[in-house]
Amino acid sequence: MSWYVLVVAGAFEIAWAVGLEYSDGLSKPLPTAGTVVALVVSMLLLAKAVETLPVGTAYAVWTGIGAVGTASLGIVLFDEPAELTRVFFIGVVVVGIVGLHLSSGGH
């Protein structure tokens, strides 16, 4: 169950990171509020996950999910470059996340 909680925490990490772009430097109240809520939920879920998962593994997976999701949405939503090397290295992060999951006996 902790792995599912961690994945949801990672999704909220993506939400707050993308929210930073929409909040325009935290100057727009509604996007800023959504960003703050997503940040708090993400942290609370990460804290719940580390009750049973090793903190180093959980943190690496959490930030990895956030990095992959945010970089991917940056390409889709904000017209950031989608060069082959960039997509390749996003894939490398995905492989790292899967490797951490498998090597720690995750289900």
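Is Y22 buried, partly exposed or exposed, and what is its relative accessible area? The legends below take up that residue and then step back to the whole protein, all from a predicted model.

**View 1. Y22 in its helix.** Here you can find Y22 in helix α1, which covers residues 2-23. The residue is partly exposed, with a relative accessible area of 42%. That value lies between the 20% under which a residue is called buried and the 50% over which it is called exposed, so Y22 takes the label in between.

**View 2. The neighbours of Y22.** Leaving aside residues up to four places away in sequence, Y22 touches K28, P31, L77 and F78.

**View 3. Y22 and E83 together.** These two residues are 61 positions apart in the sequence. In space, the distance from the C-alpha of Y22 to the C-alpha of E83 is 24 Å.

**View 4. The whole fold.** Have a look at the four helices; the protein has zero strands. Along the sequence, the pattern reads α-α-α-α. With a radius of gyration of 15 Å, close to the 13 Å that the globule rule gives for 107 residues, the protein is as compact as a globular protein of that length. Its C-alpha atoms fill a box of roughly 40 × 35 × 15 Å along the principal axes.

**View 5. Inside and surface.** Of the 107 residues, 32% are buried. Among contacts with a separation of 6 or more, 67% join residues 24 or more positions apart.

Terms used. Residues are numbered from 1 along each chain as its sequence is written. This is a predicted model: local features need pLDDT of at least 70, side-chain atom pairs count only at pLDDT 80 or more; totals for chains, interfaces and linings use all residues. Side-chain values use heavy atoms; hydrogens and water are left out. Helices (H or I, at least four residues) and strands (E, at least two) are DSSP runs, numbered from the N terminus. Buried means under 20% relative accessible area, exposed over 50%, partly exposed in between (1.4 Å probe, protein chains only). Contact means heavy atoms within 4.5 Å. The radius of gyration is taken over C-alpha atoms; the globule rule is 2.2 Å times the number of residues to the power 0.38.
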